[in-house]
Amino acid sequence: MKAITLLGSTGSIGTQTLDIVQSHPDQFRLVGIAAGRNVELLAQQVRQFRPEIVAICQAECLPELKAAIADIDPQPILLAGEEGVVEVARYGDAEAVVTGIVGCAGLLPTLAAIEAGKDIALANKETLIAGGPVVLPLIAKHGVRLLPADSEHSAIFQCLQGVPAAGLRRILLTASGGAFRDWPTEKLAEVKVADALKHPNWSMGRKITVDSASLMNKGLEVIEAHYLFGVDYDQIDIVIHPQSIIHSLIELQDTSMLAQLGWPDMRLPLLYALSWPERIYTDWEPLDLVKAGDLTFRAPDRQKYPCMDLAYAAGRAGGSMTAVLNAANEQAVSLFLDEKIGFLDIPRLIEQVCDRHHAHNQSSPALDDILEADRWARAEVKALSQALTQPASIR
């Protein structure tokens, strides 16, 4: 039985991970969980899974959580704040930590888990995008495994099993195209928040659903693939695959191509990250190719999805630029979700902030440099967004 800890337990990744734990009680034991602010759901999870340690990131929610689980015996260790989440990440005998926290907030807990010698089931792509120059050396130093737990990188990882080190020629990341794949480009100026949150295939959190609509999610995955698999950006391509049945592909040196297929279900990559190198039987619906029907592909529209090329450019610049790209995107998406900027303002703000950072890009950033780049980029986006909301006569 593998002991695991789960960060981000009340989000989409977290609830699906707990579904796996519930379905396979003979395979997995939950040591610790951490969540953001959803006290009601977190309390339900504590009652059901009885972890040894629990953290809620929003410290003001701690008294409510204590009251909600006051009758549980024995009581778990209860912590709050970012420091509490970090403590959960490094706690106890957990062999693996599932990182389902959204955004760069997952970086410090992931680093703490690595330093504590725990394998990482990485469902938080921002950890590598922002912190790759720090995370990868730490992984090597502590001899732990970094296993991808999102669908695209899990697909690549699965396809690479048994492939010689020099056998890989190219990676192809498949993209659904998001909420606006069938919209004309000129209509994107009219996008409302509700429109961006209507993903055609996947059920995900608000931030990642907007990223999917802008194709920034795929651009971020390009950077993540570079760090995970050590391939050059010229060897990573994106293809629109509306059905989301092929989760990604690899091309080998002899032009053979390998793909991993399945229904759009995040439980599969999560289970593989937790059980690797084993395969655990499930009673999930098998993929029926006849039922799936036609599988189609097309090139992404670079005019329609400028975020994609912004991500490639940041990746090629390297250093602290990817942290700036990630932070600028997180802040811009947050402003969009709060209806303070338009959908098309997201790539405009990101591009402006990345342009301003070029002269200050650090090729080999330390952790403090990455955190400072993250802070600076968020502040820049906020400042630049003010001009977007000013009346024309004031600008």
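**Pockets, cavities and a helix**

The lining of the second largest pocket is made up of nine nonpolar, three polar and four charged residues. Here Ala, Val, Leu, Ile, Met, Phe, Trp, Tyr, Cys and Pro count as nonpolar, Asp, Glu, Lys and Arg as charged, and the others, Gly among them, as polar. Before going on, please note that the model is predicted: local features need pLDDT of at least 70, side-chain atom pairs count only at pLDDT 80 or more, and totals for chains, interfaces and linings use all residues. Residues are numbered from 1 along each chain as its sequence is written, and side-chain values use heavy atoms, with hydrogens and water left out.

Of the 16 residues lining this second largest pocket, Leu-268, Thr-282, Trp-284, Glu-285 and Pro-286 lie nearest its centre. Helix H11 (residues 267–275) gives the largest share of the lining, four residues. Helices (H or I, at least four residues) and strands (E, at least two) are DSSP runs, numbered from the N terminus. A pocket is an open set of points on a 1 Å grid over the protein atoms alone, with protein on both sides within 12 Å along at least five of seven lines; a cavity is a set where a 1.4 Å probe fits but cannot get out, and lining residues have an atom within 4 Å of a point.

Which residues line the second largest cavity? They are Ser-151, Trp-202, His-247, Gln-260, Trp-263, Asp-265, Leu-268 and Pro-269. By class, four of them are nonpolar, three polar and one charged.

Ser-151 sits in helix H7 (residues 151–160). Its relative accessibility is 6%, so Ser-151 counts as buried (under 20% relative accessible area; exposed is over 50%, partly exposed in between, with a 1.4 Å probe and protein chains only). Leaving aside neighbours within four places in sequence, Ser-151 is in contact (heavy atoms within 4.5 Å) with Trp-202, His-247, Gln-260, Met-266 and Pro-269.

Now turn to helix H2 (residues 39–49), where Val-39, Leu-42, Ala-43, Gln-45, Val-46 and Phe-49 are buried. Down the axis of H2, these buried residues fall within an arc of 160°, so they line one face of the helix. Their cover includes helix H1 (12–23), strand E2 (28–35), strand E3 (53–56) and helix H3 (62–68). Just after H2, Arg-50 takes a positive phi of about 50°.

Definitions and conventions
The arc is that of the directions from the helix axis to the C-beta atoms.
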